[in-house]
Amino acid sequence: MRRYLAVGLDCYLCLVTVGLLARPYVDTAGVTEAAGLLLGPALAFSFLNHVVLTALTGAGAGKLIMGIRVVRLPDAGRPGPWLLLLRWLYGLGWLPLQPWYGLRSLLSGPGVLPRTSLWNGGNGELRADPLGLRLVRHSDLTAHRTAVAATAPTHH
């Protein structure tokens, strides 16, 4: 549930920011210009939130508010900018296709998953993220790091 609330917060923050930036210009712009005034800042905000802010803090705005962090498996480390960029680009391609996958699943009957083959881990299990990233609660991540530090051998 936290993940969905974080996505909702990200969408809300993006819409408010884009609306505030574009409002002074939309009334005088034509349809094409208005679309550009809305789409350009929306993509820029999305990039800043999902790539730059996540690289710096471990989470975008919605995830920070909801107490979630993005980690790399298997070491639970912070993902680098390149991995976050690939994840963002994948999301831009994946999200618009969801209505198609849902409709295909509905028309195909029960048992057909509305996902692409990128979600299949190769041995039948479904992955939460095609790039090996996971969303974890910040409190769980802190507890994990504390436990790992306590069991790490000390070198003299």
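R69 counts as buried in this predicted model, at 15% relative accessibility, where buried means under 20% relative accessible area, exposed over 50%, and partly exposed in between (1.4 Å probe, protein chains only). R69 is placed in strand 1. Helices (H or I, at least four residues) and strands (E, at least two) are DSSP runs, numbered from the N terminus. Leaving out residues up to four places away in sequence, R69 touches T57, G58, A59, K63, L64, R134, L135, V136, H138 and L141, contact meaning heavy atoms within 4.5 Å. One of these residues, T57, is twelve residues from R69 in sequence and 8.5 Å away in space, C-alpha to C-alpha.

The model is predicted, with pLDDT of at least 70 needed for local features and 80 or more for side-chain atom pairs, while totals for chains, interfaces and linings use all residues. Residues are numbered from 1 along each chain as its sequence is written, and side-chain values use heavy atoms, with hydrogens and water left out.

**Overall architecture**

The chain holds six helices and two strands. Read from the N terminus, its elements follow the order α-α-α-β-α-α-β-α. Of the 156 residues, 24% count as buried. The chain exposes about 10,300 Å², and carbon and sulfur atoms supply 69% of that area; accessible areas come from the Shrake-Rupley method with a 1.4 Å probe, and for residues only the protein chains shown count as cover. Among contacts between residues at least 6 apart in sequence, 58% join residues at least 24 apart.

**Helix packing**

Two helix pairs are set out below. Axes are lines fitted to C-alpha atoms, for helices over the stretch in contact, and angles run from 0 to 180 degrees between N-to-C directions.

| Helix pair | Axis separation | Crossing angle |
|---|---|---|
| Helix 1 and helix 2 | 9 Å | about 145° |
| Helix 2 and helix 4 | within 9 Å | roughly 145° |

Helix 1 passes helix 2 in a right-handed crossing; a crossing is left-handed if the near helix is turned anticlockwise from the far one by less than a right angle, and right-handed if clockwise. On the helix 1 side, this contact is made by D10, L13, C14, T17, V18, L21, A22, Y25 and V26, and on the helix 2 side by A34, L37, L38, P41, A42, F45, N49 and H50.

Helix 2 also passes helix 4 in a right-handed crossing. Here helix 2 contributes L43, S46, F47, H50, V51, T54 and A55, and helix 4 contributes P81, L84, L85, W88 and L92.

**The aromatic pair**

How many aromatic pairs are found in a search of the whole structure? The search finds one. This pair is formed by F47 and W88 in an edge-to-face arrangement, 5.3 Å centre to centre and with 75° between the planes. Rings of Phe, Tyr and Trp (its six-membered ring) pair if their centres lie within 6.5 Å; planes under 30 degrees apart count as stacked, over 60 as edge-to-face and the rest as tilted. The pair links distant parts of the chain, with F47 in helix 2 and W88 in helix 4 (residues 81-94), 41 residues apart.

The C-alpha atoms of F47 and W88 are 7.2 Å apart. F47 lies in helix 2 (residues 31-57) and is partly exposed, with a relative accessible area of 30%, whereas W88 counts as buried at 14% relative accessibility. Apart from neighbours within four places in sequence, F47 is in contact with V52, L85 and W88.

**Cysteines**

A disulfide is a pair of cysteine sulfur atoms within 2.5 Å, and by this rule the count is zero. C11 is partly exposed, with a relative accessible area of 43%, whereas C14 counts as buried at 14% relative accessibility.
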